[in-house]
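This report covers how the chains are arranged and how two of the ligands are held. The sequence and the structure come first.

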Number of protein chains: 6
Amino acid sequence: DFMKALEDVKPAFGISEEELSGAAPYGIIDYSPHIQSILSTGLSFVQAVRTSEKSPLFSILVHGPHGAGKTALAAEIGLKSEFPFVKLIRPIDVGTNEAAKLEYLRRAFSDAYKSALSIVILDSVEKIIDWNPIGPRFSNAVVQYLGAVLETRPPKNRRLLIIATTSQRSMLDQHGVFAWDREIAVPAVKDHRELQALLTASGKLSGPADINESLNELQTLTGTQDVGIGVKAVFSALETALVRDPLPISLAEDISAIMASRNPQGY
Amino acid sequence: DFMKALEDVKPAFGISEEELSGAAPYGIIDYSPHIQSILSTGLSFVQAVRTSEKSPLFSILVHGPHGAGKTALAAEIGLKSEFPFVKLIRPIDVGTNEAAKLEYLRRAFSDAYKSALSIVILDSVEKIIDWNPIGPRFSNAVVQYLGAVLETRPPKNRRLLIIATTSQRSMLDQHGVFAWDREIAVPAVKDHRELQALLTASGKLSGPADINESLNELQTLTGTQDVGIGVKAVFSALETALVRDPLPISLAEDISAIMASRNPQGY
Amino acid sequence: DFMKALEDVKPAFGISEEELSGAAPYGIIDYSPHIQSILSTGLSFVQAVRTSEKSPLFSILVHGPHGAGKTALAAEIGLKSEFPFVKLIRPIDVGTNEAAKLEYLRRAFSDAYKSALSIVILDSVEKIIDWNPIGPRFSNAVVQYLGAVLETRPPKNRRLLIIATTSQRSMLDQHGVFAWDREIAVPAVKDHRELQALLTASGKLSGPADINESLNELQTLTGTQDVGIGVKAVFSALETALVRDPLPISLAEDISAIMASRNPQGY
Amino acid sequence: DFMKALEDVKPAFGISEEELSGAAPYGIIDYSPHIQSILSTGLSFVQAVRTSEKSPLFSILVHGPHGAGKTALAAEIGLKSEFPFVKLIRPIDVGTNEAAKLEYLRRAFSDAYKSALSIVILDSVEKIIDWNPIGPRFSNAVVQYLGAVLETRPPKNRRLLIIATTSQRSMLDQHGVFAWDREIAVPAVKDHRELQALLTASGKLSGPADINESLNELQTLTGTQDVGIGVKAVFSALETALVRDPLPISLAEDISAIMASRNPQGY
Amino acid sequence: DFMKALEDVKPAFGISEEELSGAAPYGIIDYSPHIQSILSTGLSFVQAVRTSEKSPLFSILVHGPHGAGKTALAAEIGLKSEFPFVKLIRPIDVGTNEAAKLEYLRRAFSDAYKSALSIVILDSVEKIIDWNPIGPRFSNAVVQYLGAVLETRPPKNRRLLIIATTSQRSMLDQHGVFAWDREIAVPAVKDHRELQALLTASGKLSGPADINESLNELQTLTGTQDVGIGVKAVFSALETALVRDPLPISLAEDISAIMASRNPQGY
Amino acid sequence: DFMKALEDVKPAFGISEEELSGAAPYGIIDYSPHIQSILSTGLSFVQAVRTSEKSPLFSILVHGPHGAGKTALAAEIGLKSEFPFVKLIRPIDVGTNEAAKLEYLRRAFSDAYKSALSIVILDSVEKIIDWNPIGPRFSNAVVQYLGAVLETRPPKNRRLLIIATTSQRSMLDQHGVFAWDREIAVPAVKDHRELQALLTASGKLSGPADINESLNELQTLTGTQDVGIGVKAVFSALETALVRDPLPISLAEDISAIMASRNPQGY
Ligand SMILES: Nc1ncnc2c1ncn2[C@@H]1O[C@H](COP(=O)(O)OP(=O)(O)OP(=O)(O)O)[C@@H](O)[C@H]1O
Ligand SMILES: Nc1ncnc2c1ncn2[C@@H]1O[C@H](COP(=O)(O)OP(=O)(O)OP(=O)(O)O)[C@@H](O)[C@H]1O
Ligand SMILES: Nc1ncnc2c1ncn2[C@@H]1O[C@H](COP(=O)(O)OP(=O)(O)OP(=O)(O)O)[C@@H](O)[C@H]1O
Ligand SMILES: Nc1ncnc2c1ncn2[C@@H]1O[C@H](COP(=O)(O)OP(=O)(O)OP(=O)(O)O)[C@@H](O)[C@H]1O
Ligand SMILES: Nc1ncnc2c1ncn2[C@@H]1O[C@H](COP(=O)(O)OP(=O)(O)OP(=O)(O)O)[C@@H](O)[C@H]1O
Ligand SMILES: Nc1ncnc2c1ncn2[C@@H]1O[C@H](COP(=O)(O)OP(=O)(O)OP(=O)(O)O)[C@@H](O)[C@H]1O
Ligand SMILES: [Mg+2]
Ligand SMILES: [Mg+2]
Ligand SMILES: [Mg+2]
Ligand SMILES: [Mg+2]
Ligand SMILES: [Mg+2]
Ligand SMILES: [Mg+2]
């Protein structure tokens, strides 16, 4: 089938740059100081893996609300690392049954262990372990496998950085089998100032006037300068607003609709 | 078997207009302003999918009580889109075991990914995931698969709109793996004014006199102008009342019986 | 085996009148006005199915305590319909494992869809879905299948009436996947007046004197004119009492023993 | 294996008198008026099955504490019935997995349906359905099967009496799928008077002096005339006491040890 | 594998005296009056089985804290019985999956039923049924099988004594399917007097001076004469203390460390 | 696959010194008196196993927070024992399904039983039993197997020391099937004094000045001399800090980030 076809063309070894850069179609926009701070912490672990004599394994958990940019930033760290092996593992890749997931992950880490320097990104790791808060349900075998990998020294002369992303951090803590060396938060777009920077950088609006009019209208609709939705939601509102008139007003309406309707999603 | 026979004649690619229009045998009746508003929001997403450069995937959740018209309106958006691929996935289609469901869905999305512009309607998505509030039980594998699809970029040059319908919205929020770009509410028939518009448009009653008599009788039986039952229940009462005499009175009786007996169904 | 042998002789298509009339060995006794009212509501749905242009599917839930006459009345509606296809599905018929149940039901509805006008009776539907309040446990696959059938339009030119019976109505409401067009209550034998009518019609007692003596004795034993046991329990008491002397007293004793010992059974 | 060997020699049809009488090695001792009353109620159902024209199926639940005599009395009813088919189904007979249990029960009822008049005894029915209050756990498939049998008319010209015994009556009520025509209680040995009658009838003690001395000693040890242990426990104490000296004292000690140590077992 | 190899050399029939006496490598030490009292009660059941005419089956539950001597005492009863068949069933013997356990137990009881007089010891019966208080989990099939065996008359001319041991008595009561004829408690080492008797009998310490010094030191460390740890823990402390200097002090330290650290283990 | 390849080269019998010493790449650093005390207790059990006549089996539970040094210390005891068979069993070794785990463990103990003197280290035993506090879930078959091994006498002339490590001690107590002869606590790095000793011994910092500056900075950031993180976290902070300037400040920042972010992990 189609997914399998896609899969077949992926190289077992090495980085698929296209795949990694596909995670940030607009590039990384510096709409807030936290963007650079996150990248810098991530890269200090890349460097520690490269230089450490005795510790050949490090792990990071990148967490934050839906659409905040976790995947985009993890991919950026992978791209910047210049490691010979960088693998982005997405939920759709690992399959739908436990045995298939375990097999996929085992092969991925086995591949990683073949490279002197590797990065494995477990993207939306809560979906990789089939997490569902109702029950709750999850694949304990996958949880245990990843927990065991996190405490297993790679083979001699092999060094590995594991980056997991999740929008369900509190859930990951409950399992008690995951022990990350560092946890990094990626927040939502905070306020009108960050929103303005993001809209400006998107290049979709004709100019500052349009942007300011949108923000004024938004202030009127919501009565606050707080935003609290992810970068993805901002871009989604922009796309649907672009097809309606007048743009500043329709953009404000769509953003405020998202602000009103989204449930907190456990974050 | 019969279902399979039905299945066999459906084209794997393209729209079955008959199937989509079968969802609204009476056509779409404008008995309330919300009808046009819902269709217009839906069509702005159709347009965003068509025109967006960077976001090839959008998703909508259409929610509301039983028989309110969710399926009819989702099908109407599909028909109006003029996209080359529109697929309505009903619970009866996906089969009764988890493996069959996953296989069916995988094939459906694989087909959709072959068209430049596609719409996939996940009708009564709570039944597609086998949701049962007792337990609660559901197919976590299907939930995870749909959750993964919702965050997977379609292949290059492919754009997809996913429309899910549900009468169990609060349940969908609890899973925490579904992140829709927009949620659209379809309310029940609200009051005597909306009911009057609907009965008039149905063309089943001989004239305004009959309709007004029914409404007066209903007011007497229930002591209120609130209605709160779906379009489907109104038509069902109309059908059983038509076989009894006198029509205005039997119609009022049947509508009031439905108003009294129906449990809220979690909405 | 024996059950299978029984099964083999049943026609896949058409009505087994013997089977339907076996549900009421004493015929339908009019011991209370509710009997005619239930039959008349049921028959108005039969008529709606026959005449409706746009709605080819209707569903009824017949509910009430154990032995109240639900199956007898549902079978009577089937007999009176004169539809070419009427099928009574009992718990013993569908088998003991989920796959067998689904296969049986699929075949039954497939058969029904072959007839222009059909009735399918899901007798003791709580047992068909393996409902057990302890847990609670049930077959979610069967629940989902029946839920999907209830919202699936029959094929072109096919019309179907689904009648389910249950002594566990409150449970059925909790699933949230069943949406009946109408719910019909069948109450227990209410009081001495109804009991008297029933005993008289049974023709088992020699005359009014015996009946009155029984009722007087019963009043003495229980101190009330309320009865609240099903028709079945009345007939059961009558059978065991008939073998003992003196009949009026032993009948009163047996009825009062049943009144005292029965647990409410969730109704 | 041994159990299977035992099984092989049992006739598929007809009564194994030895098996039934093995349930009461001491015969039925009339140590209390309830013994005759239970037998008489049971036999009135035997008679009803034999004579009823319209009701070919009756069911009884015999309940009471461990070792009270439920199995012995059910077997006695079977022996006294003189029906051509009487089958005692014990937990050890039905096997340890659900499929085997269902097969065994299906065959047993199929055999019973071949005889014009049959009795099936479901001994310790809570074990036949694998009931365990921890969880609770049980075989829902067996529960549903028995529930379906209890509401299925035997084939033409076949009449059946089902007698179930249980020490877990309250549990049986919770399932809500069992509807017995009558429930019969078998109490424990109540007091010193009943105990005296039982010991006397056992013929194990040399005379009234020994018995009275035991009872006096027991009164001293427990400070009460209440007993509340089953017939089986009395006989067990008698056996261990017989090997010790002096008999009256050791008997009192053993009975009082049982009275003190036994947990109520959910009754 | 090794376990299987061990298994193969065990005789299917008869007593393995080595195995039984392996349960008490130090012999049975009379460090408290309860030792003789337990053995005497056990042997009165041995005698009852041997002599009873009508009751061919008796069962005992031996319960107490970890390492108290339950297995040693049950094995001693078996050795003293001089029955031709005595089988000690340990958790390691029965295997790790339910089917294997059932098969092993079935064979064991089948073997026992071949001997005129048999004893089956179900050692650590809570592990034989896979009891785990978390959940709780256990093998219900094994529970039901043992429950059924406990109420099944052995074949003609066969007599059987079942002795179960457990450190989880309260759990066994909850199942409600086990009905023992007698329950016997084996307490922990109670106080300094019992400890002194035990240490003296062990012959590991050079004389009363050493023992008294240990006890004095222990009193200083714990501030009490209560002990409350099993015989096994005493011997374990003795072994580790023997390798350290000075012995009386290191013994007191190790015993007090055990007294402090042990959790109550559900007793 | 790779893991399997690694596995294949391990000797089934004997000690892999490389593996054991890999557990402490920095050697054992005496940064606190508890280090020697833990090793000495462990070695007294090694000695007891070697010398005991009657007790051929001892077991220890080594518990403490993540990264405290449990595995390193258990491995050190194994290395110091000079026993011919020492096996370190890690979660990654035992596989991901229950049957594989049981097979692996059975083989490991079977190998151990072949040596006169053996040590088996069950490293992170909570992961070996698949423990997950959510549910909670775990492999009861593995729990029961290990519980049975803990109470099974090794074969004649075989002596065994079992050392389990865990960061989830309270969970192990709940199972009620594990009975260790001794429990040994490994605490986290307690305060600035222990931290100073550890940093000094690591040889990564140029001198006391750097270390003191780090500690002063840390005191300023956290406002306390308490530390409470494992040795592993200290080394991890050291590695990432080494790549940043100025070292004393970046070290303090990284340690304080770990102190702030880590959840207690159930300890
Ligand atoms: N700083 C940024 N600059 C530019 N684009 C961004 C930035 N952050 C996020 N995006 C874009 O927003 C969209 C959502 O980001 P991303 O998928 O990384 O979010 P996420 O946190 O991983 O969300 P999810 O929880 O759904 O996995 C992507 O198209 C991404 O390229
Ligand atoms: N606005 C409308 N105009 C005309 N017919 C309508 C309208 N809304 C609903 N209907 C009709 O009412 C019936 C029920 O509508 P529909 O099946 O779309 O409801 P639904 O909300 O999807 O219900 P369910 O929760 O059961 O899936 C259909 O026959 C449909 O054609
Ligand atoms: N009105 C009636 N007239 C004559 N017989 C009746 C009547 N109602 C019930 N009966 C008889 O009583 C018995 C029980 O009725 P029926 O099986 O229909 O009850 P039910 O409500 O379906 O019970 P259950 O809950 O056990 O399925 C049958 O023998 C039936 O023929
Ligand atoms: N009335 C009686 N006269 C003589 N023996 C009796 C009597 N009642 C019980 N017994 C004997 O006591 C023993 C236990 O009786 P039985 O097995 O029938 O009890 P039960 O209630 O079925 O127990 P359980 O709950 O364990 O199944 C049997 O040996 C039986 O013969
Ligand atoms: N009275 C005794 N005399 C001599 N040795 C004893 C005595 N009681 C116990 N022991 C010894 O103590 C050790 C533990 O005893 P045993 O295994 O019988 O205890 P247990 O109660 O069965 O423990 P567990 O709960 O772990 O099964 C054995 O070595 C046994 O021989
Ligand atoms: N006393 C010590 N001296 C030197 N290094 C140590 C010491 N204690 C721990 N370490 C090192 O710290 C790291 C973590 O130790 P180890 O893996 O033994 O911890 P742990 O308690 O087993 O952790 P986990 O709970 O994750 O299994 C290892 O690299 C180990 O060598
Ligand atoms: Mg992401
Ligand atoms: Mg719909
Ligand atoms: Mg019925
Ligand atoms: Mg019994
Ligand atoms: Mg023991
Ligand atoms: Mg460790």
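## Chain arrangement and ligand shells

Chain B and chain E do not touch, and their nearest C-alpha atoms are 17 Å apart; contact here means heavy atoms within 4.5 Å. Likewise, no contact joins chain A and chain D, with 17 Å between their closest C-alpha atoms. This is a predicted model, in which local features need pLDDT of at least 70 and side-chain atom pairs count only at pLDDT 80 or more, while totals for chains, interfaces and linings use all residues. Residues are numbered from 1 along each chain as its sequence is written, chains are lettered from A and ligands numbered from 1 in the order in which they are written, and side-chain values use heavy atoms, with hydrogens and water left out.

Ligand 1 is surrounded by 20 residues, the closest being Gly27(A), Ile29(A), Lys70(A), Thr71(A) and Ala72(A). A residue counts as near if one of its heavy atoms lies within 4 Å. By class, this shell around ligand 1 has twelve nonpolar, six polar and two charged residues. At least three residues come from each of domain 1 (2-185) and domain 2 (189-260) of chain A.

Ligand 5 is also surrounded by 20 residues, with Gly27(E), Ile29(E), Gly67(E), Lys70(E) and Thr71(E) the closest. Domain 1 (2-185) and domain 2 (189-260) of chain E both give residues to the shell around ligand 5, so the ligand lies between them.

The table lists polar contacts, meaning pairs of N or O atoms within 3.5 Å.

| Residue | Residue atom | Ligand atom | Distance |
|---|---|---|---|
| Gly27(A) | backbone N or O | nitrogen of ligand 1 | 3.3 Å |
| Thr71(A) | polar side-chain atom | oxygen of ligand 1 | 2.7 Å |
| Ala72(A) | backbone N or O | oxygen of ligand 1 | 2.8 Å |
| His66(E) | polar side-chain atom | oxygen of ligand 5 | 3.2 Å |
| Ala68(E) | backbone N or O | oxygen of ligand 5 | 3.0 Å |
| Thr71(E) | polar side-chain atom | oxygen of ligand 5 | 2.7 Å |

Taken alone, ligand 5 exposes 620 Å², of which the protein buries 90%; accessible areas come from the Shrake-Rupley method with a 1.4 Å probe.

Conventions
Polar contact = N/O pair within 3.5 Å; in protein donor to acceptor, adjacent residues only side chain to side chain. Nonpolar A, V, L, I, M, F, W, Y, C, P; charged D, E, K, R; others polar. Domains from an automatic or database assignment.
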